[in-house]
Amino acid sequence: MTNQIAGIYNAEANYGLLVRANAAIYGRASENGSNRPVLEITYEYVPIGYALTVNSGTGGGTYTQGTVVNIAANAAPSGTTFDKWTGGVATVADPSAAATTITMPASDAEVTATYLAVVPPLLGDLNGDGFVGQGDLNIVLSQWGKGAPPHDPIADPRADANHDNFVGQGDLNIVLADWGQGTPP
Ligand SMILES: [Ca+2]
Ligand SMILES: [Ca+2]
């Protein structure tokens, strides 16, 4: 670099030179020797930008290393909920948060927001085995007619599926509405 500048100076040539320099290069050609300056060079520092690609979200662009970039997942499609970020998540602050930050590495980066299907809860699965069937019906029947005074107390609170302090048709209906759903144990 120094030789290049000296060469231009010594040749007394007058032409442009595009210099892409880093911080370790300094000085001006006019400082070469005691002659009048005939050459002026302006250094322009060009930061190296890396591409950030954000799939299904916002925040993509070109950033320099170390830049903390806000990223946000797009609104979850109907019937789904945000799950996590995948891809180049090593520098993502919280990959499980829909809105978080990524610190740009010294390379291009790509992250993708992913979503999970929302599985509606099986309200009729009173015994919690992932299936609605005879076991749940038995719970309701075992407590049938029990509830707040003057009734007998509900010995198995799971039977009161609709939480109205009485075990009866309303609870049976909840079981029947989901009957057969889920994975049989
Ligand atoms: Ca069940
Ligand atoms: Ca009830």
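Modeller: The buried residues of helix α2 are Asp136, Ile139 and Val140. They span an arc of only 95° around the axis, so they sit on the same side of α2. The arc is taken over the directions from the helix axis to the C-beta atoms. A residue is called buried if 20 or more other C-beta atoms lie within 10 Å of its own, exposed if 12 or fewer, and partly exposed in between, with C-beta atoms placed from the backbone. Helices (H or I, at least four residues) and strands (E, at least two) are DSSP runs, numbered from the N terminus. An α-helix has 3.6 residues a turn, so residues three or four places apart point the same way.

This is a predicted model, in which local features need pLDDT of at least 70 and side-chain atom pairs count only at pLDDT 80 or more, while totals for chains, interfaces and linings use all residues. Residues are numbered from 1 along each chain as its sequence is written, and chains are lettered from A and ligands numbered from 1 in the order in which they are written.

What covers the buried residues of α2 includes α3. The axes of α2 (residues 134-142) and α3 (residues 169-177) come within 10 Å and cross at roughly 180°. The two helices are therefore roughly antiparallel to each other. Angles under 35 degrees count as roughly parallel, over 145 as roughly antiparallel, 65 to 115 as roughly perpendicular and the rest as oblique. The axes are lines fitted to C-alpha atoms, for helices over the stretch in contact, and angles run from 0 to 180 degrees between N-to-C directions.

On the α2 side, Asp136, Leu137 and Val140 meet Asp171, Leu172 and Val175 of α3. By class, this contact of α2 with α3 has four nonpolar, no polar and two charged residues. The classes are nonpolar (Ala, Val, Leu, Ile, Met, Phe, Trp, Tyr, Cys and Pro), charged (Asp, Glu, Lys and Arg) and polar (the others, Gly among them). Two residues are in contact if their C-beta atoms, placed from the backbone, lie within 7 Å.

Isoleucine 139 is found in α2 and counts as buried because it has 20 C-beta neighbours inside 10 Å. Leaving out residues up to four places away in sequence, isoleucine 139 touches Leu126, Asn127, Asp156, Arg158 and Ala159. Valine 167 is 28 residues from isoleucine 139 along the chain, and their C-alpha atoms are separated by 9.9 Å.

Now the partner helix. The buried residues of α3 are Asp171, Ile174 and Val175. They too cover an arc of only 95° around the axis, which puts them on the same side of α3. What covers these buried residues of α3 includes α2.

Aspartate 171 is found in α3 and is buried, with 26 other C-beta atoms within 10 Å. Aspartate 171 and valine 140 are 31 residues apart in sequence and 6.9 Å apart in space, C-alpha to C-alpha. Not counting residues up to four places away in sequence, aspartate 171 touches Val140, Ala159, Asp160, Ala161 and Asn162.

Histidine 163 has a positive phi of about 55° although it is not a glycine, and it counts as exposed, with 9 C-beta neighbours inside 10 Å. Most residues other than glycine have a negative phi, and most peptide bonds are trans.

As for the setting, the chain has three helices and seven strands, in the order α-β-β-β-β-β-β-β-α-α along the sequence. Of the 185 residues of the chain, 17% count as buried.

On confidence, the mean pLDDT of the chain is 86, and 76% of its residues reach 70 or more. pLDDT is the predictor's confidence in each residue, from 0 to 100. pLDDT stays under 50 over residues 15-21, for which the model has seven contacts beyond four places in sequence. Residues 23-27 also stay under 50, with one such contact. Where pLDDT is low, the predicted coordinates should not be read in detail.
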